[in-house]
Protein chains: 2
Amino acid sequence: MTQEKGFHVAVVGATGAVGQQIIQTLENRKFPISQLTLLSSARSAGNKVEVNGTEYTVQEATPESFKGVDIALFSAGGGVSKALAPAAVEHGAIVVDNTSAFRMDENTPLVVPEVNEDDLLKHNGIIANPNCSTIQMVVALEPIRKKYGLDKVLVSTYQAVSGSGAVAIEELTEQTKAIINNEPFEPAVLPVRSDKKHYQIAFNAIPQIDVFTENGFTYEEMKMINETKKIMHEPELSVAATCVRIPVAVGHAESVYIEIGTEGVTAADLKELLKDAPGVVLQDDPANQVYPMPADCVGSNDVFVGRIRKDLDVEKGFHLWIVSDNLLKGAAWNSVQIAESLIKLGLVK
Amino acid sequence: MTQEKGFHVAVVGATGAVGQQIIQTLENRKFPISQLTLLSSARSAGNKVEVNGTEYTVQEATPESFKGVDIALFSAGGGVSKALAPAAVEHGAIVVDNTSAFRMDENTPLVVPEVNEDDLLKHNGIIANPNCSTIQMVVALEPIRKKYGLDKVLVSTYQAVSGSGAVAIEELTEQTKAIINNEPFEPAVLPVRSDKKHYQIAFNAIPQIDVFTENGFTYEEMKMINETKKIMHEPELSVAATCVRIPVAVGHAESVYIEIGTEGVTAADLKELLKDAPGVVLQDDPANQVYPMPADCVGSNDVFVGRIRKDLDVEKGFHLWIVSDNLLKGAAWNSVQIAESLIKLGLVK
């Protein structure tokens, strides 16, 4: 990374759950910042945020906010990205967008640096950050795909509520207290704040993340299906997903079944491969009860993989258990990592 | 059912989480009881339990306890069943065993009445009640297997802690309180009380239920695989399972992918079939956010099925979400239901 030069970085959605993690990640990575602009909706404008010991006042995001900005990290919802990302690009900024607004746009690269960093070279001003549950899965599966081929992916997720924002963490906490104290409560956020009905998440599992599409899959499930194919450049890959919210604050887990393209591969081969894979930490020692869990992954940028075993019936079939901090590798860290890749590849200014 | 005649019923493990549910279920079903004997380990003997308004003193289970008993419902762990079930049979009782002790014994029927009630006719004194996570799955899949054939089953479970007994519910509750109050805690029960390490279950997901086998699958996963084949009389069926404990007290959920034996079947066909299937309640209306959830199933004997959708790539592939009260259909109710079937078929005395 060019440490000599600094960049003017804007964070859009600076007061949100992911925005806060982006700011924290920029600090932790000592990201080369010459100027920092923190932006939000009108409602949150005026808030104070301390970054690297300096207090910043959050400003309302408008098209004019992006004058002179080199890199704009968007995480304020798809509507804000659609409205303002093109303006940011017109002002000369490169946008890293952590919403679903441009992910499936064919002119927008959808990037997980461990998988398809080169797609950044084809950018048209906006780079999309994939859905959290997709990112951790493709980081774990890409080394397998590259070496052995990949024909089929079936995933069932165990997703943390923080994917629905800080307000969902608050709901989980308050609801849990109410149930333990035998007090009444009224679900209002999960499964989807804007949807018609809301359900208890504490001590429950809700098989709905995002709203339903016509085919009976939810948008979250279709994101995993479509984004995986796009990131891996495998349009013919068979992918299916069932996405479930569970009462965990931070950390997504995934039970994944795959069929690879090569016969004669063992679980030991996959473990050996993933042991040294970029962004992956192998935690797989059943004899000593070593496997990844959401509670252990919080605060780490890595993707943790364990429970790797060969299917008992299908020669090319394998099972894996994949866990990662959905706010970091699933969102903030992958966005900042894209920005670092852009600088490394000489694509910023 | 022969309401005129009453039977001498023994409950072994009467003070445990499942034993309590068995007693409750016998009451609710107005089971024809002429005499009731409540048995337990020496440690719990002497406890008082009220049944149908009468107070019973729990006695220590010994081989002699079964003199004159017609039906003995065992739910006190595999060791107790292995030690005492043969003695009960010698004394003339029929044993319904809710442990894994005899499930895979080829001379012991493994029965879910909606699926293979006729297997009771071949009994040799002991009938095994399957594992909780297996029961609810085969109730939902059997109508599909019968009509369309079944080639493949892949399941990822979301299992409640009550599968590990009342002590695990207590651990979940106390740990949740500690985390909310920011107090220290020491896991001691989950994932497996007798295993080397114990992990946080509150706000977490643990991909281990029961201990690990040599092939990297846990015993719980192997139970689902082997029991499903045995109950369905489908030794060649391809079955795989990943079993995960989540912070729910009661109610198991399962994300299930199947491949059936017939082409041209639609999700609507499966919904139509399951709408009237024995023991099944269809809850499948995505437009109105209707799907099963653990918190809604507690206290019901039924198996709830929803999120039925056709795979987007595999013509014979379908996805389902299956939820049931693991203490009732998964344990107590299936045991009592077996006892009712035995009476109906004239197999008791």
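These legends walk through several close-up views of a predicted model.

**View 1. Asp313(B) sits in a loop and reaches over to chain A.** The loop that holds Asp313(B) runs between strand S13 (303-310) and strand S14 (317-324) of chain B. With a relative accessible area of 37%, Asp313(B) is partly exposed. Which residues does Asp313(B) contact once its neighbours within four places in sequence are left aside? They are Lys229(A), Leu237(A), Ser238(A) and Val239(A). With Ser238(A) there is also a polar contact, side chain to side chain, at 3.3 Å. For a sense of scale, look along chain B to Ala339(B): it is 26 residues from Asp313(B) in the chain, and the two C-alpha atoms are 43 Å apart.

**View 2. The largest nonpolar core brings together residues of chain A.** This core has 42 residues, and those that touch the most other members are Leu141(A), Ile144(A), Val153(A), Ile258(A), Val305(A) and Leu320(A). Several elements of chain A give two or more residues to the core, including helix H6 (219-232), strand S9 (150-158), strand S11 (252-260) and strand S14 (317-324). Which element gives the most? It is H4(A), with 8 residues. Both domain 1 (7-129 + 331-344) and domain 2 (134-326) of chain A supply residues, so the core lies between these domains.

**View 3. Ile258(A) and its neighbours give a closer look at that core.** Ile258(A) is one of the residues that touch the most other core members. Not counting residues up to four places away in sequence, the list of residues it touches includes Leu141(A), Ile144(A), Val153(A) and Leu320(A). Leu150(A), Gly317(A) and Phe318(A) are also touched by Ile258(A), as are Lys152(A) and Lys316(A). If you then turn to chain B, you can find members of a second, separate core of 41 residues, among them Ala128(B), Ile135(B), Val139(B) and Val239(B).

**View 4. Arg103(A) is a buried loop residue with a UniProt annotation.** UniProt, in an unreviewed entry, lists Arg103(A) under "binding site". Its loop lies between strand S7 (94-97) and helix H3 (113-116) of chain A. Is Arg103(A) buried or exposed? Its relative accessible area is 5%, so it counts as buried, the limit being under 20%. Leaving aside neighbours within four places in sequence, its contacts include Asn98(A), Thr108(A) and Leu110(A), together with Ala128(A), Asn129(A), Pro130(A) and Asn131(A).

View 5. Over all chains, the structure holds 34 salt bridges. In the one shown here, Arg309(A) pairs with Glu221(B), and their closest N and O atoms are 3.7 Å apart. The pair crosses from strand S13 of chain A to helix H6 (residues 219-232) of chain B. How accessible are the partners? Arg309(A) is buried, with a relative accessible area of 2%, and Glu221(B) is buried as well, at 0%.

View 6. Lys310(A) and Glu315(A) meet through their side chains at 3.3 Å, N to O. Lys310(A) is partly exposed at 23% relative accessibility, and Glu315(A) is partly exposed at 34%. In chain B, a salt bridge of 3.9 Å, N to O, joins the side chains of Asp276(B) and Lys275(B). Here Asp276(B) is exposed, with a relative accessible area of 59%, whereas Lys275(B) is partly exposed at 43%. Back in chain A, a network of salt bridges links Glu142(A), Arg145(A) and Glu234(A).

View 7. Gln337(A) has a relative accessible area of 11% and is buried. What joins its side chain to that of Glu114(A)? A polar contact of 3.0 Å does. Apart from residues up to four places away in sequence, Gln337(A) touches Pro113(A), Glu114(A) and Lys329(A).

How values were computed. Residues numbered from 1 in each chain as written. Chains lettered and ligands numbered in written order. Predicted model: local features only at pLDDT ≥ 70, side-chain atom pairs only at ≥ 80, totals over all residues. Heavy atoms only, no water. Helix = DSSP H or I, 4+ residues; strand = E, 2+ residues; numbered from the N terminus. Buried < 20%, exposed > 50% of the residue type's maximum accessible area, 1.4 Å probe, protein only. Contact = heavy atoms within 4.5 Å. Polar contact = N/O pair within 3.5 Å; in protein donor to acceptor, adjacent residues only side chain to side chain. Core = buried A, V, L, I, M, F, W, Y, C linked by side-chain atoms within 4.5 Å. Domains from an automatic or database assignment. UniProt positions renumbered as here; feature names shortened; annotations may be inferred. Salt bridge = Lys/Arg side-chain N within 4 Å of Asp/Glu carboxyl O.
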